[in-house]
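I opened my notebook today to look around a structure that was new to me. Come along and see what I looked up.

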Amino acid sequence: MMLEPTRPAGTDAALLLARLLAGLLFLIFGVIKVSGFSATVAGMAAGGVPLPMLAAIIAILVELPLAILLMLGFATRPLALVFAVYTVATAVLGHPYWAVPADQWLNMLTHFYKNLAIAGGFLALYVAGPGRFSLDARRG
């Protein structure tokens with residue numbers, strides 16, 4: 001006999017909160033990147049990010065409009081995959097703990113693995129879906 005899986009109470013609220021919190025992180029840093037675009041490009045160049053101008057534009061396009069769509073629960077599953085890949089790429093390009101001076105090592109290590117954990121959260125959101133409180137649910 002196969003039992004139907006049940007969803008814990010509060011699942012839809014938890015998925016909404018997960019989308020809002022994850023999106024908020026990227027929204028805040030997207031606004032910072034736009035408002036200090038020159039500094040963003042300069043920081044990426046100083047960090048050795050290839051094509052820093054293009055990288056900054058891509059970062060802003062992911063972090064602002066896509067974060068808002070994720071928070072609204074629109075195209076949640078594909079966006080969760082985009083954010084998972086983006087977050088891993090950001091870890092590798094932006095937090096290379098293996099290639100920094102000793103005084104920066106712990107900070108970069110922390111951010112690198114924090115990004116991997118965030119990517120894991122996005123993969124869980126991909127599997128779980130957006131929940132009932134989303135534009136995806138309203139669209140069917």
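Here are my entries on a pocket, a residue beside it and a helix.

**Entry one: the pocket.** I noted at the start that this is a predicted model. I looked up the largest pocket and found a volume of about 880 Å³. Its lining is made of 33 residues, and K33, M44, T90, G94 and H95 lie nearest the centre. I then sorted the lining by type: 21 residues are nonpolar, nine are polar and three are charged.

**Entry two: who builds the lining?** I went through the helices. Helix 1 (11-35), helix 2 (37-46), helix 3 (52-72), helix 4 (76-94) and helix 5 (102-128) each supply at least two residues of the lining. Helix 4 gives the most, with six residues.

Is H95 buried or exposed? I found a relative accessible area of 16%, which is under the 20% cut-off, so H95 counts as buried. H95 sits in the loop between helix 4 and helix 5. Setting aside neighbours within four places in sequence, I listed its contacts as T90, M108, H111, F112 and N115.

Which residues of helix 2 are buried? I found T40, V41 and M44. Looking down the axis of helix 2, I saw that these buried residues fall within an arc of 95°, so they line one face of the helix. An α-helix has 3.6 residues a turn, so residues three or four places apart point the same way. The buried residues of helix 2 pack against helix 1 and helix 3, while S38, A39 and A46 are exposed on the other side. Just after helix 2, I noted that G48 has a positive phi of about 80°.

Notes:
Residues numbered from 1 in each chain as written. Predicted model: local features only at pLDDT ≥ 70, side-chain atom pairs only at ≥ 80, totals over all residues. Heavy atoms only, no water. 1 Å grid on protein atoms, 1.4 Å probe; cavity = no way out; pocket = protein on both sides within 12 Å on 5 of 7 lines; lining within 4 Å. Points joined across faces, edges and corners; volume = space filled by probe spheres on them. Helix = DSSP H or I, 4+ residues; strand = E, 2+ residues; numbered from the N terminus. Nonpolar A, V, L, I, M, F, W, Y, C, P; charged D, E, K, R; others polar. Buried < 20%, exposed > 50% of the residue type's maximum accessible area, 1.4 Å probe, protein only. Contact = heavy atoms within 4.5 Å. Arc of directions from axis to C-beta.
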